[in-house]
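Okay, everyone, thanks for coming. Let me put the structure up on the screen, and then we'll walk through a few spots together.

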Amino acid sequence: MFISMCKYLFTIILTLHLVNLQAQDLEIITKPGNPSTLINDGYIEAEVKGGTPPYTYRWSNPSTPLDANKAEGLVEGINYTLTVEDSNGKTATTKAKVKSQSVTETFNGAFTPLVEGLTDFLFWDPFAAIGIYDPVVYNKSKNVEIPGWKADVKDKFTLQEWKTGDRQHVNKGDTLATVQSQNRGAIAVVAPENGTIKHSLKEGAVIFDAQNPEDLIETNAHVFGQIKYDEPVILTHPNGAPQTHPIPFIVIWLVVGAAFFTFKMGFINIRGFKHALGLARGKFDEDDAPGKISHFQAFATATSATVGLGNIAGVAIAISLGGPGATFWIIIAGFLGMSSKFTECTLGLKYRHIAKNGKIFGGPMNYLKYGLERRNMKNLGKVLAAVFAIFCVAFSFGGGNMFQANQSYKILATQFPVLEGFGFWVGVILAILVGVVIIGGIESIAKVTEKIVPFMAGLYIFGALVVIFVNIGNIGQAFTAIWDGAFNATAMKGGFIGVLVVGFQRGVFSNEAGTGSAAIAHSAVKTNHPPSEGFVGLLEPFVDTIVVCTLTALVIIFTGKHEAQGMGGVELTSEAFASVISWFPYLLAIAVLLFAFSSMVSWSYYGLRSWTYLFGKSKRSELAYKLVFVVFVVIGASISLGAVLDFSDMMILSMSFPNIIGLYIMSGEVRNDMNNYLKKLRNGELFQKDKASKEEEALP
């Protein structure tokens, strides 16, 4: 009896103890780690005590899954939040930080909050803020596709059997069909959510055949059915946070401005195109006019600053995010941007100042200050000009310099492994080459860019056309994918709004229309007629965006690489080129190096003119800027700066705010100057010494 009572009491005590353990509050113990001095490789491991397993881990880092107790790839020096929830719904929250071990990690951590703050402003969604647009991505349906399929798979898949009837309701986990793989055998396909199944193919049909060119180019060639969910499902990041596709304020600002100038100038991007070609070819050069460079040299200098990694890596990222349809909106953004370039380049030349020693000072700093001063807005003009100059100098050191050097070294080291670990010396060589060019001023820069730009553009266009020609049989499917993707995108690609925003965003970021940068180069042209330089300027978005960006997109789509998962940027473009000829990535590496080099020398001039506006026009001031610039070339190639470069990239977008405000105010003046120019052109009053009689055939 006594023994029985002891057993009974022991059982009660043990039960109460277990209940007490489960009732304990959750305790989270974090163990941060930093395995190297490289940036963004920190980790935090969490140990949970108390509560009832299994636990759900909600990290503030979006890429960490809900079932992971370890977050990796973290930025050193900033706080991360972790909320743990047990199976009974009990939660606990803690914060942890990975300590920095190097100067680069410290800088990266310090700039990350700045980047996030600037991103919140530039990419703020006004439509979502006032409640007329929900940026959260909902999926109303899910494609039924080949499990584990990848774009580069070498296999043939056949629909062996449907396990459910067409239009039949299914529950999550139900077996939907059996797919027969030549390499893997029979594969069961299960329902991802509750919903109604719709068959797209009949039993026995081939779903995907790697030997069939049409399957390689067709979007969703691996799909053979669709489940319509009972209720829309929110798409989430790995950490459980909802995915969103906002309409960024900066994109609205640039696109609305470009559309406004297009209508204000009477579609000068169409009417003036033929005349612009004549000016760029040198048909109307004025050798005796004030200035230092020709129309073509200004065009080459400005184009070299915009045609760069954004055309190669940026377009690939846009397509990986928005699908083939993003290509259509990239082209539209380029078309509208032509009018913005016309407006700012006209003003850049009109308000330039030529010093007694022959040096030319022009660009947004001048037309914002002096143009608004003429309208009794002197103080506003001074503020806008100074803000623009600060942003321009910041970007010239970062995105216009370090980023270019950094990416040049990375792609060279990828294609030529012998260079791995020699970033410093690659940077030194680049710095010497850049220094030799920029020390000679705009004339030296123009002489280099007028030779490099045609060569590098020709090299890249040639390679792209070869890839497209080899895959010419896919032309129908490619353009169908672009058109359908532009207007009928799936929720996974952000829907119509998501694809439109991605396309416009890449287009305006690539051609820099509206940022005012090109107006600095065009202000140095030999001409007596400011609108003539506006015409030349409108060619830049055409070449940069409508030609080069579109060719990059077509290469990726024609080769079927737009369906590739886990790749983006230069890697995706390189894969597309390599799919045709194995040594094409080497050609791409040379093109990237030339793009980057030309961007650096052009942006050195933009930054210099902004620097001298802020700190004076003396030789000492100019020399100081040039020395700092070449030092940053070495730094950019030697180390990874992460958020520092991201912050700098934000500067070029920020330049558009003061610039477009000024363009709006002075747009009427530009239109009047344009109309007067065209009237005199028609009457034969311009370019009398330059065979003006031939102008009739090129009138806009």
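Here's one to start: which ring does the charged end of K70 sit over? It's the ring of Y43, and the charged end is 4.5 Å from the ring's centre. Keep in mind that this is a predicted model.

F296 is partly exposed at 27% relative accessible area, while F299, at 10%, counts as buried. There's also an aromatic cluster, and its members include F121, W124, F249 and Y664.

Now, the sheet. Sheet strands pair through backbone hydrogen bonds, parallel or antiparallel. Ours is an open sheet of four strands, ordered β7-β14-β12-β9, with antiparallel pairing. β7 and β9 are at the edges with a single partner strand each, so one side of each has no neighbour in the sheet. Between β7 and β14 there are seven bridges, and K142 has I227 in β14 as its bridge partner.

Last stop, the surface. F469, V470, I472, I475 and F479 make up a nonpolar patch, with about 500 Å² of accessible area together. Helices α14 and α15 each give two or more residues to that patch. F469 lies in α14 and counts as exposed, at 62% relative accessibility.

Okay, over to you for questions!

Technical notes. Residues numbered from 1 in each chain as written. Predicted model: local features only at pLDDT ≥ 70, side-chain atom pairs only at ≥ 80, totals over all residues. Heavy atoms only, no water. Pairing = 2+ DSSP bridges. Patch = residues over 30% accessible without salt bridge, like charges linked within 9 Å, V, L, I, M, F, W, Y side chains within 5 Å. Areas by Shrake-Rupley, 256 points an atom, 1.4 Å probe, with all protein chains shown as cover. Salt bridge = Lys/Arg side-chain N within 4 Å of Asp/Glu carboxyl O. Buried < 20%, exposed > 50% of the residue type's maximum accessible area, 1.4 Å probe, protein only. Phe/Tyr/Trp six-rings, centres within 6.5 Å; stacked < 30°, edge-to-face > 60°. Lys NZ or Arg CZ within 6 Å of the ring centre and 35° of its normal.
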